[in-house]
Amino acid sequence: MPPSSPPSARLLKIGVLASAVLMLAALGLFALSLNGRNHDDGDVRLVVTAQGCEPRELSVPAGETRFSIVNDSQRAIEWEILDGVMVLEERENIAPDLHQPLTATLAAGDYAMTCGLLSNPHGTLHVTANDAAPSIALSRQDFIAPLAEYKVYLTLQTRRLVEAAEALHQSIAAGELDAARTAYCEARLIDQRLAMATGLYSDLDERLNARADYFAEREQDPQFVGFHRLARGLFDAGSTGGLTPIAAQLLEDARTLGERLRHQSIPPAQLANGSARVLKAWHAHAIDSKTLNAQELLDLQGLTAGAEKIVTLLAPLLERQAPDALEGLQAQLARLQQDLPEQSNTVSGAKGSSDIDRDALLADTQALADTLDSLDRTLALNG
Amino acid sequence: MSPRSLLFAASAFGLMSLQTPAQADVNPEALVEPVAEYKLYVLDNLDQFVSHTEKFTQAIEAGDLERAQVLYAPTRVYYERIEPIAELFADLDASIDAREDDYENGVEDPDFTGFHRLEYGLFKEQTTQGFVPYAKRLMTDVNDLESRVRDLTFPPAQVVGGAAALMEEVAATKVSGEEDRYSHTDLWDFQGNVDGSQKIFELFKPLVAEEDPAFVDRVEKNFAEVEDTLAHYRREADNPEAGFVSYEKVSQTDRRAFVGPVTVLAEDLATLRGKLGL
């Protein structure tokens with residue numbers, strides 16, 4: 001190592017002095033910022049007294065607002081911003097004579113504020129539309145909540161599917177045709193709600209949902225199993241004969257589906273896109289058949305319920321990004337739901353194709369699928 | 001060399017003052033599964049809450065004071081666990097769990113309903129008489145809560161923030177014994193809050209463990225300390241179902257012993273949202 005020359009004492013002194021000056025300057029800035037925080041004009045101040053909020057009404061522009069809540073009552077309070085009965089933001093345990101900040105990002109609209117005691121009147125918070133605020137593009141954070149909720153939905157529905165498949169297997173094994181038909185409808189309705197997610201696994205999708213047309217020997221093909229195979233026996237042949245192993249396989253596949261979905265991550269773009277895909281697949285098949293039988297109607301009912309869940313999940317995001325698109329989407333969904341027979345009728349098979357407006361059903365299915373298909377563009381999602 | 005050391009000092013100082021809160025490196029998609037798992041936990045607890053509330057309110061309707069007293073605390077536990085979500089519904093939180101001091105006229109206030117109204121009857125007035133309407137109302141509210149939570153898309157920030165909120169609540173308003181002032185079953189509520197907070201922490205822990213192992217250690221140590229103190233007051237050491245002794249029997253020293261770890265937990269857990277980029 002080369003010997004380093006000792007630093008000159010003078011330069012060292014300057015160095016120390018300079019850092020001291022810098023440090024003082026920084027401390028000064030820090031003190032200023034503390035000061036500013038207490039008396040920041042940007043904060044919206046609200047005082048809670050023993051009687052309620054002062055002022056009773058506040059108006060702030062849409063976007064981020066920092067509130068400073070002052071407790072001027074004798075007991076600890078909490079302060080909440082309510083949208084209807086839902087708490088959007090809250091600051092709990094503000095001790096008497098103290099104040100606490102709360103930063104909230106609010107969309108335009110009227111909200112209520114709780115003001116100390118529950119017996120005190122609520123205050124009103126007007127949030128005014130703010131054209132100056134740039135519309136915020138959706139971030140990946142915005143999809144956490146809908147994707148998590150979808151995961152919960154899949155978990156709960158697969159649990160129900162397994163229960164329904166158990167009942168189906170039992171009644172088939174016992175040779176009870178009527179009970180088996182009812183159990184079939186119950187299970188199939190759930191299966192179709194899950195169609196988009198099941199489509200992620202080609203093996204399970206084929207064993208559960210493939211139609212006879214996809215097999216070389218059609219109905220006679222030993223690979224032809226799952227719901228369509230059971231429907232063939234229960235509704236066309238009117239017998240449970242030979243169906244027990246198929247029902248047992250279906251139950252096992254339902255269990256496997258549940259296990260796989262539990263840790264499956266679903267890309268955000270799949271939500272709308274995948275629902276569109278399964279509706280289109282139904283449409284493509286239905287358009288080739290002259291009449292729609294009870295099973296096809298049941299399938300569409302399940303698919304529509306699955307799509308409804310997706311619409312509910314994406315609604316808050318669409319409301320922010322494209323409220324008009326949301327309105328159109330909800331209207332199309334409602335139209336399709338109206339076309340469909342009541343669920344109870346379909347389950348018993350009482351309401352058949354004769355009561356159904358086939359053309360309307362096909363057109364409305366197509367329309368909903370097309371709109372769902374365009375949502376990823378609307379939400380600026382890809383992949 | 002000297003100018004260099006000066007430069008070094010100055011830049012080190014500059015770096016110091018630039019220090020910003022740790023940036024979250026957590027991939028947002030990684031939060032999906034724990035949020036979903038948390039909702040499943042809440043739904044399981046809600047199922048239990050509904051069935052326990054059924055038994056509790058039936059005891060009141062049957063005029064069985066002793067049974068109603070016994071069932072009061074074990075029923076509330078499920079609410080205390082899921083409070084971060086339950087209290088998102090302001091109307092039901094008030095009608096199910098408000099305390100008399102939330103109302104200007106206290107127990108005289110006709111709007112004062114729910115658990116603490118029943119607690120007042122069962123433990124202060126020692127009667128079920130006249131409390132059947134409150135029992136019926138509680139059952140309706142709990143069923144209502146169950147169906148609303150089922151339909152709720154859980155807000156991730158509130159879920160993660162719930163871990164700290166539960167501990168803050170214990171520190172600020174529960175250690176004092178004011179929550180269950182007539183039944184003195186405060187330790188059951190404590191345990192419920194600690195369970196609920198710990199569940200959230202456990203679910204999100206894998207996402208922060210690598211980046212901040214010291215944080216995880218500290219939180220786990222403090223949870224263990226709280227659990228230890230609670231364990232002293234179990235009626236039966238090996239049977240959590242048996243619950244806790246009366247809060248009146250908890251020494252002042254132990255009451256104070258809760259405050260330390262609970263406060264540190266509340267402060268530490270309050271950083272979880274930031275660490276996860278929420």
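Predicted model: local features only at pLDDT ≥ 70, side-chain atom pairs only at ≥ 80, totals over all residues.
A residue counts as buried if 20 or more other C-beta atoms lie within 10 Å of its own.

**Figure 1. Chain B, with 12 helices and 0 strands.** Along the sequence the pattern reads α-α-α-α-α-α-α-α-α-α-α-α. The C-alpha trace of chain B spans about 90 × 45 × 40 Å along its principal axes. Buried residues account for 44% of the 278 residues in this chain. Among contacts in chain B with a separation of 6 or more, 74% are between residues 24 or more positions apart.

**Figure 2. Helix H7 of chain B, residues 132-151.** At 1.5 Å a residue, the 20 residues of this helix should span 28 Å, and its end C-alpha atoms are 29 Å apart, which agrees.

**Figure 3. The buried side of H7(B) and what covers it.** The buried residues of the helix are B:Tyr134, B:Ala135, B:Leu138, B:Asp141, B:Val142, B:Leu145 and B:Val149. Because they cover an arc of only 125 degrees around the axis, they lie on the same side of H7(B). An α-helix has 3.6 residues a turn, so residues three or four places apart point the same way. The cover over the buried residues includes helices H2 (32-61), H4 (83-86), H5 (90-97) and H6 (115-124) of chain B.

**Figure 4. The face of H7(B) turned away from its buried side.** Exposed residues carried on this face are B:Pro133, B:Thr140, B:Ser147 and B:Asp151.

Conventions:
Residues numbered from 1 in each chain as written. Chains lettered and ligands numbered in written order. Helix = DSSP H or I, 4+ residues; strand = E, 2+ residues; numbered from the N terminus. Expected span 1.5 Å × (residues − 1). Buried ≥ 20, exposed ≤ 12 C-beta atoms within 10 Å, placed from the backbone. Arc of directions from axis to C-beta. Contact = placed C-beta atoms within 7 Å.
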